[in-house]
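Dear colleague,

I am handing over the structure below, and after it you will find a careful account of what was found in it. Please read the notes with the model open beside you.

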2 protein chains.
Amino acid sequence: MKNIYVIGVGLIGGSLAKDIKANNPEVIIHGISRKETTLDQALSLGLIDKKATLDDIEHADLVIVSIPVDATVKLLPSILDKISDNGLVIDAGSTKEAICKVVENHPKRRNFLAAHPIAGTEYSGPSAAISGLFKGKTNIICEVEKTAFKLQEKALDIFRALGMRIRYMNPEAHDKHIAYVSHLSHISSFMLGKTVIEKEKNERDIFDMAGSGFASTVRLAKSSPEMWTPIFKQNKANVIETLEGYIKNLTQFKELMEDDDFDAIFKEMKDTNHITDILNGIN
Amino acid sequence: MKNIYVIGVGLIGGSLAKDIKANNPEVIIHGISRKETTLDQALSLGLIDKKATLDDIEHADLVIVSIPVDATVKLLPSILDKISDNGLVIDAGSTKEAICKVVENHPKRRNFLAAHPIAGTEYSGPSAAISGLFKGKTNIICEVEKTAFKLQEKALDIFRALGMRIRYMNPEAHDKHIAYVSHLSHISSFMLGKTVIEKEKNERDIFDMAGSGFASTVRLAKSSPEMWTPIFKQNKANVIETLEGYIKNLTQFKELMEDDDFDAIFKEMKDTNHITDILNGIN
C-alpha cells in the first residue's frame with residue numbers, strides 16, 4: 001500500500017488520514033476535495049501529503065470516500081470505473097442501503113467495501129480531524145461477501161490498526177438500527193435547540209441558566225446540515241418511523257402530566273433508567 | 001459559623017458539604033436524612049462529621065435543604081419554626097415558586113434564602129458527591145429582598161467561596177426559564193432512551209452501534225425519578241408548555257421529511273447551529 005486517496009478531508013476523512021499515516025509513514029496521502037481551500041487547509045494541517053483530483057485515482061491502492069452521502073451515491077460509480085484491479089475503495093457513510101444499491105451491478109463491485117465507522121464529534125472540516133478518533137469504536141461493514149477476499153483482508157488490517165471493533169450487518173438492518181441510535185439523537189438535539197432558542201428571546205437567560213445537562217442534550221445541534229440533510233433524505237422511511245415513536249412517547253408523557261398521573265411519570269423514568277446498563281458499554 | 005446542618009446528603013447536599021468543609025475546616029457538618037443507611041454512607045465518605053435529626057436544628061447557624069422539592073415544600077415551614085434568630089436556611093431546589101409560596105407568610109421568612117445552584121450530574125446519593133461541583137456554575141437566588149440583609153451577606157460569602165456566579169430572579173421567571181433549559185432536556189432524554197429501548201429489543205445492537213452522540217443525548221435518562229417526578233409536578237404548567245413547543249417542532253420536522261422538503265430540513269438545522277454561540281458560554 002503506497003498511494004492512498006482521501007476524497008473529502010473533513011472530520012472523518014482527515015482523522016482516518018492522520019491515523020493511517022501515523023501507522024504507515026511510508027504511504028503518500030493524496031487529498032481530493034471540491035474546494036481548493038479545504039485542500040490547502042488539509043495540507044497545512046499535515047493531514048495530506050499532496051493535492052489530487054478524481055482523475056488521479058487510477059493510481060490508488062486505497063480510496064477513502066468520506067463526503068456527504070448524496071455525493072457518495074453520485075460519485076461512487078465513477079470512482080469504481082477508475083480504480084485499478086487491485087485497488088480498494090472504502091466509504092464511510094452514515095447510510096448504507098442507497099450506497100450499496102448504486103454499485104450493486106458495477107463490474108468493479110468487488111473492489112468496494114461498504115463501511116460505517118461509528119465515530120465523530122459535532123465539528124466538521126479539516127480542522128476537526130483528530131488522532132485516535134476511531135480507537136475502540138465500532139465499524140459496521142455491509143455486504144462483506146461482495147468484496148474481493150484479498151481486499152477484505154487489506155481493509156481489516158487497516159481497521160485493526162486503527163483500533164476498531166468490526167461488526168457485519170446487511171445495509172437494510174444497518175439503516176434501520178442507526179436511525180434509532182444516531183439519526184434520531186441528532187433530530188432530538190436540533191429540535192431541542194430550536195425550541196429553546198424560539199422561546200428564549202433573551203439569550204442571556206439561556207446562557208446563564210443552562211447547565212451541563214442542557215449542553216449535553218443539545219450538543220449535536222452543532223452538527224453540519226450539509227452532512228446530515230442527505231443522511232435524513234436517504235434514510236427517510238426509518239427516520240420517520242423513529243420520529244413517530246419519539247413523538248408518541250413525548251405526547252404520552254405530556255398527557256400523563258396533564259392528567260396529574262405522577263405515579264406513571266415516575267414509572268416512565270424508572271423503567272428508562274435501565275439505559276444506564278446499555279450506556280455502560282459505550283465510551 | 002460553627003454548626004451546619006445538611007438535610008439530604010446526596011449529590012447536591014453532599015457536594016456542598018464537602019466544599020464548605022474544605023473552605024472552613026472549623027465548622028461541624030451535621031447530616032440529616034430519612035434513611036439511616038444514607039447517613040452512615042455520608043459519614044464513612046467523610047461528607048458529614050455527625051448524624052443529627054430535625055429536632056437538632058435549633059442549634060444551626062446554617063441549614064442546607066437539598067432534598068426532593070416536594071419534601072422541601074412539606075418540611076420547610078417546620079424547619080423555619082425551629083431555626084434560631086440568627087440562623088440561615090438555604091434550599092437548593094430546581095423549582096422555586098412553590099417553595100417560596102409555602103413560606104411567604106412565615107414569621108421567620110427573613111431567615112430563608114431561596115436558591116438554585118445549577119450544577120449536578122446524572123448520578124445521585126452520597127457517593128455522587130464531588131468536590132468543586134459548583135465552581136464557575138450559576139446560582140439563581142429568588143426574592144433576595146425577603147431575606148435579612150446580614151443573612152444575605154452570609155450566604156453570598158459561602159457561594160463566592162464555592163466559586164459560583166450569582167443571578168437574581170423572581171420565582172416565576174426562574175421556573176419558566178428553567179423548564180426550557182433544564183426540565184425539557186431531561187424529558188427529551190428520558191423519552192429518547194425509552195423510544196430506543198422499546199424498538200431495539202436486541203440490546204446487543206444498541207450497544208454495538210451507539211456512538212458518543214447517542215450517549216450524550218440520552219445521558220440524563222439515568223437521572224433519579226425520585227428527584228425529578230416532584231420537579232415536573234411543581235413546574236407542571238411550564239413543563240407542559242415546553243413539551244408542546246418541542247412536540248410541535250418535531251412534528252413539523254417529520255412533516256417536512258414526509259413532504260421531501262429537504263431544503264427546509266437543511267434550513268431548520270442551519271438556523272439552529274446558532275446554538276453553538278450560546279453553548280460556548282457553558283462549561
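Leaving aside neighbours within four places in sequence, Asn139(B) is in contact (heavy atoms within 4.5 Å) with Ala115(B), His116(B), Pro117(B), Phe159(B), Met164(B), Arg165(B), Ile166(B) and Arg167(B). Asn139(B) belongs to strand S7 of chain B, residues 138-142, where helices (H or I, at least four residues) and strands (E, at least two) are DSSP runs numbered from the N terminus. With a relative accessibility of 0%, Asn139(B) counts as buried, a term that stands for under 20% relative accessible area, while exposed stands for over 50% and partly exposed for what lies in between (1.4 Å probe, protein chains only).

Before going further, please note that this is a predicted model, in which local features need pLDDT of at least 70 and side-chain atom pairs count only at pLDDT 80 or more, whereas totals for chains, interfaces and linings use all residues. Residues are numbered from 1 along each chain as its sequence is written, chains are lettered from A and ligands numbered from 1 in the order in which they are written, and side-chain values use heavy atoms, with hydrogens and water left out.

In chain A, Pro25(A) lies in the loop between helix H1 (11-23) and strand S2 (28-32), and Pro25(A) is exposed, with a relative accessible area of 58%. Pro25(A) and Lys2(A) are separated by 23 residues in sequence and, C-alpha to C-alpha, by 9.8 Å in space.

Taken as a whole, chain A holds 12 helices and 8 strands. Its radius of gyration, taken over C-alpha atoms, is 21 Å, close to the 19 Å from the globule rule (2.2 Å times the number of residues to the power 0.38) for 283 residues, so chain A is as compact as a globular protein of that length. Buried residues make up 59% of the 283 residues in chain A, and 73% of its contacts with a separation of 6 or more are between residues 24 or more positions apart.

As for the two copies, chain A can be laid on chain B with an RMSD of 0.0 Å by a turn of 180 degrees and a shift of 0.0 Å along the axis, the superposition being by least squares on the C-alpha atoms of residues with pLDDT of at least 70 in both. The two copies are thus related as by a two-fold rotation axis. Of the residues of chain A, Thr217(A) comes closest to that axis, with its C-alpha at 2.1 Å. Because 100% of the interface residues of chain A are also interface residues in chain B, the copies meet through the same surface.
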